[in-house]
Amino acid sequence: MVEQGDAAPLLRWAEGPAVSLPQAPEPQAGGWGRGGGGGARPAAEPPRRREPEEPAAPEVLLQPGRLELGDVEEDQVVAVFVVTFDPRSGNMVEWCLPQDIDLEGVEFKSMASGSHKIQSDFIYFRKGPFFGLACFANMPVESELERGARMKSVGILSPSYTLLYRYMHFLENQVRHQLEMPGHYSHLAAFYEDKKGVLHAGPGRGSSLPPVYWLPSIHRYMYPEMKITHPAGCMSQFIKFFGEQILILWKFALLRKRILIFSPPPVGVVCYRVYCCCCLANVSLPGIGGTIPESKPFFYVNVADIESLEVEVSYVACTTEKIFEEKRELYDVYVDNQNVKTHHDHLQPLLKINSADREKYCRLNEQRQMLLYSQEVEEDYNPCEEDLFVLFFLEQNNRIFQTLLEVSASQDKTLTAEHARGMGLDPQGDRSFLLDLLEAYGIDVMLVIDNPCCP
């Protein structure tokens, strides 16, 4: 991840190969256990994408969100805006296109609380059905009216999160331009005219959310510097940061708990941790999750988002405002730096690392070392480190739910300690997790793991 002050080459907004997404299969009818019925999440098939005169390499699409048949990831920038800090009025939108778009609250999402203490940052956020990316910069000026500092953010909105990284460098350049030459918007206007997307109206589309695209695997087709600006390049750093506690976050993410991550600015890298938490819960089996809410990445939130968070039953978000820690009704899990905690008594057992967690973490590190070695000795295509991490948890999740699927379809519907071990879980240490999992997903099986001496 990029820490404050790191320098790294970034892609110009006009560049970058187009990435086509595959068609998603129709959700299968019916279900299993108490989790059956509608709302099944389509399975992710490994698509293939060919470059001229190159053999095809597998590319994995993981999609907690919905992908409509025939949809392709195209440029769909629905708004461009400039936010400024006025010493008398506070944060305000000073310019935007289109002029009639609703940007209420964007002035606070685009400048994280505490940003006046840093020189630059980038912020991901959600605004209604859209995702946003804003680049912030702070420049000292000799002006008493501006109290010695000029602060602005330049941002965009799009229905697709994975599109935003393409324009990081452009937004960084433009926020500097706005600081040095305030009021000159011609480059931003030209950019919007070139990249503006048309949201196709359809039956019920006015009240429904656009499809949400997730593409955490970009492979060698993207430039190496994409690893810095695109969240697909953050999974390995995410796991290194949390260490074994990644398994704790994995369980909470799979249970669709409300996870809030606190960190002082800069908040850009923390937004990446939000994304990574959501990736931990990917499942590609059809028929899973009919009764459980989607894991929603809210990215950066502040006090203006309290009302919207109050009605959410599942989300992952980050904030720079310490006051959120006191508002326990808004979250289930609170992450402060590397400290993961919960105020719910029934979730306390999930905070403990058990033997199965340590085994999974060791296996993950072993696979990483093998991958790094194979990349050194082989010149042919190799999966990247990010794919390894994402697919590791996908395989783990699929194994758990495949076992639960088979047990729920059996005659006695009995889940034993042997089943738990087969799923890579600790029969005793993960008993509470399994009970919560069965309840959350509405799976009709009977857990008979009580006695530590049971086979």
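## Arginine 256 and the basis of the model

Arginine 256 sits in the loop that runs between H6 and E8, where helices (H or I, at least four residues) and strands (E, at least two) are DSSP runs numbered from the N terminus. The phi of arginine 256 is near 60°, a positive value in a residue other than glycine, and its relative accessible area of 6% makes arginine 256 buried, a term that means under 20% relative accessible area, with exposed meaning over 50% and partly exposed in between (1.4 Å probe, protein chains only).

The model is predicted, so that local features need pLDDT of at least 70 and side-chain atom pairs count only at pLDDT 80 or more, while totals for chains, interfaces and linings use all residues. Residues are numbered from 1 along each chain as its sequence is written, and side-chain values use heavy atoms, with hydrogens and water left out.

## Overall composition

The protein contains 12 helices and 14 strands, and of its 455 residues 55% are buried. Among the contacts (heavy atoms within 4.5 Å) with a separation of 6 or more, 69% are between residues 24 or more positions apart. The accessible surface of the protein, computed by the Shrake-Rupley method with a 1.4 Å probe, is about 20,200 Å², and carbon and sulfur atoms account for 51% of that area.

## Cysteines

The structure has zero disulfides, a disulfide being a pair of cysteine sulfur atoms within 2.5 Å. Cysteine 279 is in no disulfide, and the nearest cysteine sulfur, which belongs to cysteine 276, is 6.1 Å away. With a relative accessibility of 2%, cysteine 279 counts as buried, whereas cysteine 362, at 43%, counts as partly exposed.

Two packed helices are described by the angle between their axes and the distance between the axes. Here the axes are lines fitted to C-alpha atoms, for helices over the stretch in contact, and the angles run from 0 to 180 degrees between N-to-C directions; angles under 35 degrees count as roughly parallel, those over 145 as roughly antiparallel, those from 65 to 115 as roughly perpendicular, and the rest as oblique. The axes of helix H6 (residues 246-254) and helix H12 (residues 431-441) come within 10 Å and cross at roughly 25°, and H6 and H12 are therefore roughly parallel to each other. In this pair, Trp250, Lys251 and Leu254 of H6 meet Phe433, Leu437 and Tyr441 of H12. By class, the contact of H6 with H12 has five nonpolar, no polar and one charged residues, where Ala, Val, Leu, Ile, Met, Phe, Trp, Tyr, Cys and Pro count as nonpolar, Asp, Glu, Lys and Arg as charged, and the others, Gly among them, as polar.

For H10 and H12, the axes come within 13 Å and cross at roughly 70°, and these two helices are therefore roughly perpendicular to each other. Ile400, Phe401 and Leu404 of H10 make this contact with Leu437, Leu438 and Tyr441 of H12, and by class the contact of H10 with H12 has six nonpolar, no polar and no charged residues. The buried residues in H12 are Ser432, Phe433, Leu434, Asp436, Leu437, Leu438 and Tyr441, and the buried residues of H12 pack against H6, H10, strand E13 (414-415), helix H11 (417-422) and strand E14 (446-447). Just after H12, glycine 442 takes a positive phi of about 65°.

## Asparagine 398 in H10

Asparagine 398 is part of helix H10 (residues 385-409), and with a relative accessible area of 15% asparagine 398 is buried. When its neighbours within four places in sequence are left aside, asparagine 398 is in contact with Val283, Ser284 and Leu285.

## Backbone exceptions in loops

Most residues other than glycine have a negative phi, and most peptide bonds are trans. A cis peptide bond joins leucine 97 and proline 98, with omega about -5°, and proline 98 is in the loop between strand E4 (90-97) and helix H1 (106-109). Another cis peptide bond joins proline 265 and proline 266, with omega about 5°, and proline 266 lies in the loop between strand E8 (258-262) and helix H7 (268-279).

Asparagine 337, a residue other than glycine, has a positive phi near 60° and is located in the loop between strand E11 (333-336) and strand E12 (339-342). At 45% relative accessibility, asparagine 337 counts as partly exposed, whereas arginine 256 is buried at 6%.
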